[in-house]
Amino acid sequence: MMGAIFTLEMKKNLQDKGLLFWMVILPIIFTYLFIEIFTSGADDIAKLEVITSIVPGYIVMFVFFIMISMVTSFIKDRDSGMTARIASAPIKPKFYLLGKWLPYILIVCVQIFILFSFGKVVYDINLEQPILLTSLSIFLAYMVTGFGLFLALSVKTENMGIALTQVIALGGALISGLWVPIDMMPNMLQKTAEFLPQYWAHQALQDTMHGTLAYKDFFTASGVLFAYGTSGFLLAVIRYRSFLKVARS
Amino acid sequence: MVLHINQVKKEYGNKEALKSVSLVIPKGACYGLVGPNGAGKSTLLKIIASIILDYEGKVRLINLSNQSLKQQIGYVPQEICLEQNLSAISNLYFFGKLYDLKGKELKSRAMEVLKEIGLIDRAKDKVKQFSGGMKRRLNIGCALMHRPNILIMDEPTVGIDPQSRRYIFEMIKQLQQQGCTIIYATHYMEEVEQLCDEVAFIDHGEIIEQGRVEALLQRYATPSVFVKGMKELPEQLITLGDITRHKDGYLITTNQLIAVMETILQHYQEESDKLLRLEIVRPRLEDVFITLTGSELRDGQRGHV
């Protein structure tokens with residue numbers, strides 16, 4: 001039963017050409033432009049430093065835009081009567097949510113793979129610890145989509161979802177040092193960043209690229225991402241009843 | 001198998017959407033649920049379909065099957081809940097899988113349903129290319145995939161052409177012949193008269209009347225006699241019924257049909273060529289509905305129900 005929801009959600013996303021733009025084309029354009037701006041006139045060492053910060057930084061920022069697709073999908077289902085109709089079938093809410101959630105984890109994993117591949121092909125970035133980097137990417141996808149799931153079941157309108165996604169993605173990027181190196185930011189913001197998953201993901205991804213990520217730090221970063229993702233899922237399960245109450249039928 | 005709805009209550013905040021609703025729906029019946037906007041029909045249907053779970057009272061299915069209530073119910077919502085970018089058959093597969101149909105069984109059942117809903121030639125076409133009537137039929141088909149014992153239909157003929165409506169009526173009659181119990185919510189009284197054995201009128205969250213359609217017509221609706229071609233009616237008729245000017249004739253609402261007709265015929269025995277038309281007008285369920293619920297507009301009195 002969960003498989004049916006998964007397959008349907010996957011099909012819908014594969015037909016969505018907008019997703020390709022938001023998730024792949026736009027991040028590539030931004031990454032390219034900002035690298036060009038920040039590396040002009042820099043020497044090779046500084047250039048490598050900037051690229052190693054910008055590529056994972058923009059990946060972490062742009063994965064959050066999947067939340068727009070998640071919000072749109074849930075709100076559309078809610079308002080078209082599909083949510084209520086599925087609720088009349090013998091499928092438990094947690095499996096319904098899992099079926100809707102898993103395709104997005106997969107999509108974000110593919111997005112991260114494409115964006116790192118872009119970095120490797122165009123800028124020859126270092127990927128010294130590929131296994132840890134892959135694992136972190138999966139945790140990152142899990143975290144952002146888990147959070148997206150909660151957001152999708154909490155917002156009343158699509159516009160509200162899009163606005164909140166931008167606040168979370170752009171605000172989080174600013175505070176977590178995805179745009180500017182974290183050590184150049186004020187102390188208070190550096191402390192605040194430690195509460196945000198973007199910070200942990202960015203730092204850990206950078207370290208895997210350099211080949212300096214210790215296992216302890218890997219487990220800490222993964223733990224933070226996992227905790228955020230799981231919290232998102234659990235909160236979404238709690239929100240489901242309220243979501244269903246306002247669903248059209 | 002009997003569906004027992006026992007003292008079901010539901011509140012939305014301070015508003016009582018359902019106030020102790022009790023119904024018994026027997027196996028194989030086509031049971032009409034009629035009420036004005038905001039009366040509580042959709043809430044009741046959602047409770048029966050297990051979409052709303054937080055309510056007071058009980059909904060019980062008394063039968064010999066081991067299947068859960070959800071497995072035995074097919075729900076046809078008022079909205080067209082189909083994936084517009086997928087084909088008809090993909091939509092049927094999706095809903096079949098939700099009820100654990102797999103492999104060959106899923107495929108053969110989808111083909112059967114496509115035949116039943118008259119879309120076998122359009123199986124692979126995308127739903128967005130379909131007319132309103134075709135979408136409505138597919139909407140019903142999706143609820144039939146798992147061969148439900150009870151089919152809940154919430155205004156399934158809204159906005160469709162007469163041909164599709166007739167086709168849907170035939171489908172419903174066939175399903176009923178196959179033993180399926182149908183709960184049919186609608187605003188269209190003629191649909192209830194045509195399809196349903198029993199009907200419940202719901203208003204302000206309460207069942208205000210229920211019973212067999214014919215019995216309710218006898219109890220609440222008075223038949224009339226329509227007479228055309230007469231300039232003046234015999235005076236005796238005034239004591240026999242209520243007379244209203246109607247189109248190009250008179251409508252006499254009465255419980256004494258034979259007496260009224262005899263009086264008219266006697267009065268015009270010698271001038272029978274002046275009498276252009278004399279007919280009995282059958283009472284309508286709409287009259288019962290208006291008698292029970294009043295004729296005030298109910299638009300937007302309550303949201304959510």
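Buried means under 20% relative accessible area, exposed means over 50%, and partly exposed lies in between, as judged with a 1.4 Å probe on protein chains only. By this rule B:R109, with a relative accessible area of 6%, is buried. The structure is a predicted model, in which local features need pLDDT of at least 70 and side-chain atom pairs count only at pLDDT 80 or more, while totals for chains, interfaces and linings use all residues. Residues are numbered from 1 along each chain as its sequence is written, chains are lettered from A and ligands numbered from 1 in the order in which they are written, and side-chain values use heavy atoms, with hydrogens and water left out.

**The interface of chain B and chain A**

- Chain B brings 30 residues to the contact and chain A brings 24 residues, where contact means heavy atoms within 4.5 Å.
- About 2600 Å² of area is buried between the two chains, and carbon and sulfur atoms give 59% of this area. Buried area is the accessible area (1.4 Å probe) that two parts lose on being put together, summed over both.
- B:E83, B:F94 and B:L98 supply 24% of the area that chain B buries against chain A, more than any other three residues.
- Six residue pairs are in polar contact across this interface, both residues being at pLDDT 80 or more. A polar contact is a pair of N or O atoms within 3.5 Å; within protein, one must be able to donate a hydrogen and the other to accept it, and residues adjacent in sequence count only if both atoms are side-chain atoms.
- Helix 2 (69–72), helix 3 (88–98) and helix 5 of chain B each supply at least two residues of the side that touches chain A. Helices (H or I, at least four residues) and strands (E, at least two) are DSSP runs, numbered from the N terminus.
- Helix 3 of chain B gives the most to this side, with five residues.
- By class, the side of chain B that touches chain A holds 15 nonpolar, seven polar and eight charged residues. Ala, Val, Leu, Ile, Met, Phe, Trp, Tyr, Cys and Pro count as nonpolar, Asp, Glu, Lys and Arg as charged, and the others, Gly among them, as polar.

**Salt bridges**

- Side chains of opposite charge can pair when their charged atoms come close.
- The whole structure has 18 salt bridges over all chains, a salt bridge being a side-chain nitrogen of Lys or Arg within 4 Å of a carboxyl oxygen of Asp or Glu.
- Two salt bridges are counted between chain B and chain A. B:E83 and A:K12 meet in a salt bridge of 3.4 Å, N to O.
- A network of salt bridges links A:E9, A:K12, A:D77, A:K100 and B:E83.
- Within chain A, the closest N and O atoms of A:K100 and A:E9 are 2.9 Å apart in a salt bridge. This pair links distant parts of the chain, with A:K100 in helix 6 (residues 93–123) and A:E9 in helix 1 (residues 2–14), 91 residues apart.
- A:K100 is buried, at a relative accessible area of 1%, and A:E9 is buried at 2%.
- In chain B, B:K10 forms a salt bridge with B:D54, the closest N and O atoms being 3.4 Å apart. B:K10 is buried at 4% relative accessibility, whereas B:D54 is partly exposed at 32%.
- B:R109 also takes part in a salt bridge, with B:E116, at 3.6 Å between the closest N and O atoms. B:E116 is partly exposed, at 30% relative accessibility.

- B:R137 lies in helix 5 (residues 132–144) of chain B and is buried, at 11% relative accessibility.
- The side chains of B:R137 and B:S164 are joined by a polar contact of 3.4 Å.
- A nonpolar core is a set of buried Ala, Val, Leu, Ile, Met, Phe, Trp, Tyr and Cys residues joined through side-chain atoms within 4.5 Å. The largest one has 159 residues, of which B:I5 and B:L138 touch the most other members.
- A second, separate core of 13 residues includes B:L240, B:Y250, B:M261 and B:L275.

**Backbone angles**

- Most residues other than glycine have a negative phi.
- B:E155, although not a glycine, has a positive phi of about 45°, and B:H204, also not a glycine, has a positive phi of about 50°.
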